[in-house]
Amino acid sequence: MINLTINGKDVCVPKDSTILDAAKKLNIKIPTLCHMSLYDMQFFNQHASCRVCVVEEVGRKKLLPACGTPVSEGMKIATDTPRAIRARRTIVELLLSDHPNDCLICPKNTDCELQQIAADLGVREIKYQGEMVTVPVDNSTYSIVRDMSKCILCKRCETMCSNVQTVHALTDIGRGFDTIMGAAFNAPMNETTCTFCGQCLAVCPTGALTEVNNVSKVWDAINSNKVVIVQTAPAVRVALGEEFGMEPGSLVTGQMVAALRRLGFDKVFDTDFAADLTIMEEASELIHRIQHGGKLPLLTSCCPGWIKFLEHQFSDMLDIPSTCKSPHEMFGAIAKTYLAEKMGVKPEDMVVVSIMPCVAKKYEAARPELSEGPDHDVDIVITTRELGLMIKEACIDFVNLDEEEFDNPLGESTGASVIFGTTGGVIEAALRTAYEMLTNKTLEFVEFQQLRGMQGIKEATIDIDGMPINIAVSHGLGNARKLLEKIRSGEANYHAIEIMACPGGCIGGAGQPFHHGDMTLLEKRANGLYKDDRSKTLRKSHKNPMIKKLYDEFLGEPYSEKAHELLHTEYVA
Ligand code: HC1
Ligand code: SF4
């Protein structure tokens with residue numbers, strides 16, 4: 001252990017600690033910008049590139065970056081000397097010297113950490129005006145915008161993409177002033193191995209990486225003559241409240257539905273309905289593969305970021321994911337056929353909008369192999385944050401709205417579908433149905449605690465009436481890679497695996513209110529979903545009466561030819 005003093009207070013910390021760690025132990029705040037600690041300190045960004053955290057070593061009059069300097073015995077540190085504070089302000093002034101002054105119209109306005117730190121340090125003028133970065137904005141994808149004029153080279157995006165997601169799509173390219181963050185040869189993002197998971201933009205402190213904003217497309221649709229219907233993903237309901245100052249995990253389903261009606265949507269439906277439908281197909285597929293010697297393990301396929309990761313990095317294994325489309329795409333397919341017919345609306349006169357916690361869903365909706373007709377089954381995707389913006393723009397008093405119910409028939413759902421939004425939830429929902437389909441017995445205890453929690457990889461053997469079923473669950477693409485390598489080498493013996501690209505599952509999606517890798521916050525969102533599940537009378541997807549009706553009236557049997565035509569897909573290398 002190492003003893004030192006900070007601002008005259010003694011502190012004792014383990015020998016590999018930094019000055020920043022020691023200051024945290026004393027509850028002394030040191031501003032940081034490039035520094036990042038994620039998921040209970042499993043990952044760090046410790047490049048010490050911005051130097052905003054400089055502190056003064058007393059006696060030696062030396063300025064040191066607190067995040068990158070290890071403690072040493074007898075060290076005396078001061079965090080609040082005029083020299084340290086002046087140095088921090090100068091550093092921020094220099095960062096602003098080549099930063100565009102467009103805060104008012106920047107997508108990160110009020111969420112920008114550079115803006116906040118400049119305000120906290122009392123920066124009130126652009127003191128130095130230097131040359132600007134002139135690399136064109138990369139608008140090549142449906143999900144992510146890359147504007148290098150706003151990059152401060154903190155490298156948080158690289159840490160996220162390389163260390164957490166193991167995709168390695170982003171790195172620093174060029175030298176000196178010309179350095180930017182991008183793919184090799186500054187290729188546009190749509191020509192790289194990027195999965196569009198968006199986790200890089202979730203940790204970007206400025207507006208250098210942001211999501212593609214589709215809000216104006218939604219307003220245009222609402223103000224047109226078309227019938228505009230909306231669906232909301234499971235994870236949105238436990239995070240949207242945060243945009244209005246509510247506690248993480250607050251369940252705001254009723255207020256969300258009311259707000260969507262006030263915004264002008266013609267019908268407000270639930271992706272949860274389609275999650276129940278997915279389970280009917282996916283559980284049937286699992287049973288089919290087990291009983292007919294099909295390829296195992298079956299991998300869940302509802303996460304577009306993970307599917308793209310598989311297509312790029314494990315293209316020899318495209319036959320293992322379930323062929324089921326994701327729930328929001330199943331919803332689109334059913335909306336533009338069954339529902340359109342029921343409503344007496346031509347599919348081309350209907351606009352389907354998805355509210356998702358995810359930025360990869362924007363790209364997924366545009367994938368040609370996921371739509372039946374010439375138009376996309378899902379027309380527009382916006383994130384939880386974009387919905388928050390629309391509600392603010394319309395001056396709706398969200399917190400005080402009276403709760404309202406979803407419309408029917410595509411608004412009815414069970415507890416099984418709600419838990420899709422957290423890691424482990426999809427496979428738990430599938431097991432609830434697979435058990436009863438396989439055994440014709442009632443599953444009394446529907447909660448599979450072994451599959452819950454925030455460990456990166458969870459493994460369990462579930463006994464289905466004497467038949468052991470080996471399950472694995474992973475979240476975060478780095479963990480997916482570990483599981484896929486075990487399958488490729490023949491080391492693993494699983495029947496089914498759930499994979500989600502974002503740590504925490506969809507509750508941690510890049511379209512959610514920024515969570516800064518805070519595991520406690522993610523757990524609160526997960527608990528909100530589990531609470532919602534417990535509150536439901538129906539907790540198994542196959543018990544959803546509207547799903548039964550859909551099969552009776554339209555699809556026939558689960559896994560039928562019609563179901564295949566509308567609800568299943570294929571993957572491309
Ligand atoms: Fe998800 Fe899904 S759970 S992928 O995480 O299968 O985005 O919430 O909508 O489609 O239902 C996301 C969430 C979401 C789909 C469902
Ligand atoms: Fe990497 Fe995901 Fe960002 Fe793409 S979206 S660059 S895969 S972190």
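This is a predicted model: local features need pLDDT of at least 70, side-chain atom pairs count only at pLDDT 80 or more; totals for chains, interfaces and linings use all residues.
The surroundings of ligand 1 were examined in the same terms. Here 19 residues surround the ligand, and the closest are Ala-233, Ala-235, Cys-302, Cys-358 and Cys-506. Helix 8 and helix 10 (327-343) each supply at least two residues of the shell around ligand 1, and the shell divides into twelve nonpolar residues, six polar residues and one charged residue.

The two helices that contribute to the shell around ligand 1 in this way also pack against each other, with the axes of helix 8 and helix 10 coming within 8 Å and crossing at roughly 100 degrees. An angle from 65 to 115 degrees counts as roughly perpendicular, and helix 8 and helix 10 are therefore roughly perpendicular to each other. On the side of helix 8, the contact is made by Thr-271, Phe-273, Ala-274, Ala-275, Leu-277 and Thr-278, while helix 10 contributes Pro-327, His-328, Met-330 and Phe-331. Seven of the residues in the contact of helix 8 with helix 10 are nonpolar and three are polar, whereas none is charged.

Helix 8 (residues 271-291) has a further contact, with helix 14 (residues 425-439), in which the two axes come within 9 Å and cross at roughly 60 degrees. That crossing angle makes helix 8 oblique to helix 14, and the crossing of the two helices is right-handed. The residues that make this contact are Ile-279, Met-280, Glu-282, Ala-283, Leu-286 and Ile-287 of helix 8, together with Ala-429, Ala-430, Thr-433, Ala-434, Met-437 and Leu-438 of helix 14. In composition, the contact of helix 8 with helix 14 consists of ten nonpolar residues, one polar residue and one charged residue.

With regard to the overall division of the chain, the domain assignment places residues 2-96 in domain 1 and residues 216-567 in domain 2. The C-alpha centres of domain 1 and domain 2 lie 43 Å apart.

Note on methods:
Residues are numbered from 1 along each chain as its sequence is written. Chains are lettered from A and ligands numbered from 1 in the order in which they are written. Axes are lines fitted to C-alpha atoms, for helices over the stretch in contact, and angles run from 0 to 180 degrees between N-to-C directions. Helices (H or I, at least four residues) and strands (E, at least two) are DSSP runs, numbered from the N terminus. Angles under 35 degrees count as roughly parallel, over 145 as roughly antiparallel, 65 to 115 as roughly perpendicular and the rest as oblique. A crossing is left-handed if the near helix is turned anticlockwise from the far one by less than a right angle, and right-handed if clockwise. Two residues are in contact if their C-beta atoms, placed from the backbone, lie within 7 Å. Ala, Val, Leu, Ile, Met, Phe, Trp, Tyr, Cys and Pro count as nonpolar, Asp, Glu, Lys and Arg as charged, and the others, Gly among them, as polar. A residue is near a molecule or strand if its C-beta atom, placed from the backbone, lies within 6 Å of it. Domain bounds come from an automatic or database domain assignment.
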